[in-house]
Amino acid sequence: MSRPASRIAAVLAALALAGCSGGGAGGGGGSARSGGAPPLVIHAVDAGTFQEDFNPYHLEGVNFGTSGMIHETLMYFNKLKPGEITPWLALDHKWSNEGRSVTFTLRPGVKWSDGQPFTADDVAFTFQMLKKHPQLNRNALEIEGAEALAPDKVRLDFGATSYAKLFNIAGSSPIVPKHVWEKEKDPSTFTNPKPVGTGPYTLSKFSAQLYELVKNPSYWQPGKPEVPVLRFPAYTANALQTALRQGEVDWAGAFVPDIQKIYVQGKPEQNKFYFPPEGVVTLLPNLTNPVLAKPEVRAAMSLAIDRDKIVRVAERGYTKVAHPTGVPMPGGEAYVPPEYRDAAYKVDVEKAKELLKDVDPAQLKFTLLVPSPFTDWVNAAQLIREDLAKIGITVETRGVAFQDWVSKVGKGDYDLSIRATASGPTPYFQMRSMLFGGLAKPVGEAATGNYERWKDAETDRLIDAYAATEDETEQQKATQGLSKIMMEKAPTLPLFYSPSWAQYRTDKYVGWPSEQDPYAMPSPYTSPDAAVVLLRLKPAGS
Amino acid sequence: MRFLARRLGFYLLTAWAAITLNFLIPRLMPGDPVELLVARMKGNVDPAAIDAMRRAFGISDASPWRQYLDYLGNLAHGELGRSITFFPTEVSTVIADSLPWTVGLVGVATLISYLIGTSLGVIMAWKRGTWLDGVLPGATFMHAVPYFWVALALVFVFGVTLQWFPVSRAYGLDVMPGLTGEFARSVLYHATLPAITIVLASMADRILGMRNVMVTTLGEDYVVMAEAKGLTSRRVMWAYAARNAILPNITSFALSLGFVVGGSVLTEIVFSYPGIGSMLLKGVENEDFPLMQGIFLVISLAVLVANFLADLAYVVLDPRTRQETE
């Protein structure tokens, strides 16, 4: 997601929209109607034009829908209900060789959209390709080999214990057809313009401004999908605000500056939105700074910050205050020790001052680095500055260009910063990326996680323990240990959850994910979740 | 001829300087494209795969000098590399896809604004002291107003409030590109508002420039002479005064033709127009070195070529430049 662009553009759009009212004729609705059910208009990612790229292993140029709707994965992992795993192209999996090998039994009767049967050869081919072309291996799997044992059985071998990578292997590696892809000399630059997949949709039309997917009639889930046509028009961030206002888009994943006015327009039953947590935004203390390395300083800061106000004012109430462990709630209960499950932040200025009484006040001066295009974080930084001033900590907030911020935080060249953490199918992924000592690089070298540079033997032991077992209870126990460290040692200070943006209209189709039924991530830009959502949709009024 | 040869040498030197700056400037930005990608795609890509991605994007750790030589070598072969933002699309393809939109929109708009602006300037100078002078404060105002402000105002009035014109993209969503009347109509309809923006915002320059030079020229002896001979005022105005007054305007026109290729970045962004300005913005946001280099190269070459053409036009139009060699 191109966040800075969307923010700037949203401001432009808000300017353009300020003061105007009333609906408008939905222009982009479309003429292509097949059968009785109308097409669904989807906006996944801001784009002025599309490139003809349907290679599911490309990172950004690839068009949304390629993984999930066209190319499917072996299993589906629901990030909103950690531990909920649905068999997809594979019916089950078995680990062997101490987690270095996994054998999948494949679903019978699945066909590629060109009529060829889907077999273990296709799965083996896909993983062999990732091994041979490391550029495509975006999940960083240590693949040693992949072998089809029978038409419905495939074994994958890895160079290291890979229990913790099941999601990356089975949940985020779309399977491609051997009979099409083996003809390509270089799959890393192959754009797959005529994709052949096992998924519920096939590509029917492509132009630089619009592509269309239609129902795959031979899809393996009988009677599905019920949405016959998907249309993906190219909208830039500011064009999308107008489109949402005029009702041209049925399903979008976008930041909308004033959602009640621009999108809901007084019809909360039809124009719905759902922003579940996807990772957590934390206040990063640079632990190589000797003052910030003192746990009492971090604890005092945490006590002084009024997170409710930050969420209400800076985040427009679009998200929620994080659980003090950073684990997304509800959903992550099993990953938090029982004694902390009901923990919540409470501002206590007196206690914070008490904690700081042995620290030289002259040392309590920090710079808070934020990317200036993220206006919400800039506002949050101002509120943090005011809160910390109350306990005698002087904070100077400094907004810098997005690129500059990425580089400085990566290299550890900051005192305090705000950053979102990568999320995964269970809270472990988030904990590992926040706390794993192996990711902490010396100052001056770009890190890819653990930007605060937390080093703790117990933390690393727990992370290794999770990765060394496939037993869910053991894994939960290890993550609980990590949660405890978050609570008691505050290596980084959770603020609020990063929202996953999703706006959907119920006038054409119903059955969307909601807080009551979080069966998949609701944003159209999350793969393969978006395909899971489409398979649940039913025409409105049926 | 020696004049032309000297100009040509000068242009070659400038081209080399521009190419070198194109290489240097993107690299002065902090951070690197893969780090940005990981920061943007939070969670969807394993940071451990960063090295693999660097390789895929062709980002090398070679010394800057080595990279510079490789860059020059590739340029000599006409290779611009693959874009990172639109990987694996070649930069040349990205440019080839977006350039026609920009040249079409900004080029035509610039031409219109030049023709209308210059003629208005001539007429206003001729009829100075009449009610036409009332246009001047308006022109000065438009001269001071930035492009995007005009664009936002037009979007607000004609796009959002009145809904007369579409406010984004280059053609209708349901129109398939092709040589059809429907496509052509859709393109024209969508180009109207952005074109008006550019014409309105850039015309003032032309009016003011042309009028000022024209007023001076009208005081020249040969104009008085022409009037004294009893030539029609139409002939005096166009063939005697305007023809001489237009020289500085030719230069500015040639320069603006060069900048046509650079597009009106802000206008394109406001209207989500798929031109080269939008692509440049994408490239800068993503630190897409190959794309930025490619676009800068095309822009700088276009400016140089336009300048060269202006020089040629001068040689034809103004005999004094030809005498310089003797």
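**Entry 1: strand β10 of chain A**

I began with strand β10 (residues 229-233) of chain A, and five of its five residues are buried, so the strand is largely enclosed by the rest of the structure. For my own notes: buried is when 20 or more other C-beta atoms lie within 10 Å of a residue's own, exposed is 12 or fewer, partly exposed is in between, and the C-beta atoms are placed from the backbone. Helices (H or I, at least four residues) and strands (E, at least two) are DSSP runs, numbered from the N terminus.

This is a predicted model, where local features need pLDDT of at least 70, side-chain atom pairs count only at pLDDT 80 or more, and totals for chains, interfaces and linings use all residues. Residues are numbered from 1 along each chain as its sequence is written, while chains are lettered from A and ligands numbered from 1 in the order in which they are written.

Which way do the residues of β10(A) point? I found Val229(A), Arg231(A) and Pro233(A) pointing one way and Leu230(A) and Phe232(A) the other, and all are buried.

Next I looked up the partners, where two strands pair if DSSP finds at least two bridges between them. Strand β1 (residues 40-43) of chain A pairs with β10(A) in the parallel sense over two bridges, and Val41(A) stands opposite Arg231(A). Strand β9 (residues 210-215) of chain A pairs with β10(A) in the antiparallel sense over five bridges. There, Leu213(A) has Leu230(A) as its bridge partner.

**Entry 2**

Strand β13 (residues 277-285) of chain A pairs with β17(A) in the antiparallel sense over five bridges. One of the bridge pairs is Val281(A) with Phe496(A).

**Entry 3: the two chains**

I counted 15 helices and 20 strands in chain A. The radius of gyration of chain A is 24 Å, close to the 24 Å that the globule rule gives for 542 residues, so chain A is as compact as a globular protein of that length. That radius is taken over C-alpha atoms, and the rule is 2.2 Å times the number of residues to the power 0.38. The C-alpha atoms of chain A fill a box of roughly 75 × 65 × 40 Å along the principal axes.

Chain B has 15 helices and zero strands. Its C-alpha box is roughly 85 × 60 × 40 Å along the principal axes. Buried residues make up 54% of the 542 residues in chain A and 41% of the 326 residues in chain B.

How confident is the predictor about chain B? The mean pLDDT is 83, and 94% of the residues reach 70 or more. (pLDDT is the predictor's confidence in each residue, from 0 to 100.) The model scores ipTM 0.74 and pTM 0.82.

**Entry 4: cores**

I looked for nonpolar cores, meaning sets of buried Ala, Val, Leu, Ile, Met, Phe, Trp, Tyr and Cys residues joined through C-beta atoms within 7 Å. The largest has 121 residues, and those with the most contacts inside it are Ala300(A) and Ile295(B). Helix α14 (residues 289-317) of chain B gives the most to this core, with nine residues. A second, separate core of 84 residues includes Ala47(A), Leu89(A), Val123(A) and Phe275(A).

What does Ile295(B) touch? Not counting residues up to four places away in sequence, I listed Ile95(B), Ile276(B), Met279(B), Leu280(B) and Gly283(B). A contact here means C-beta atoms, placed from the backbone, within 7 Å.

Helix α9 (residues 221-228) of chain B is hardly covered, since the count of buried residues among its eight is zero. After α9(B) comes Gly230(B), with a positive phi near 90°.

Last, I checked Glu79(B), in the loop between α4 (64-76) and α5 (91-126) of chain B. Glu79(B) counts as partly exposed because it has 16 C-beta neighbours inside 10 Å.

Key
Contact = placed C-beta atoms within 7 Å.
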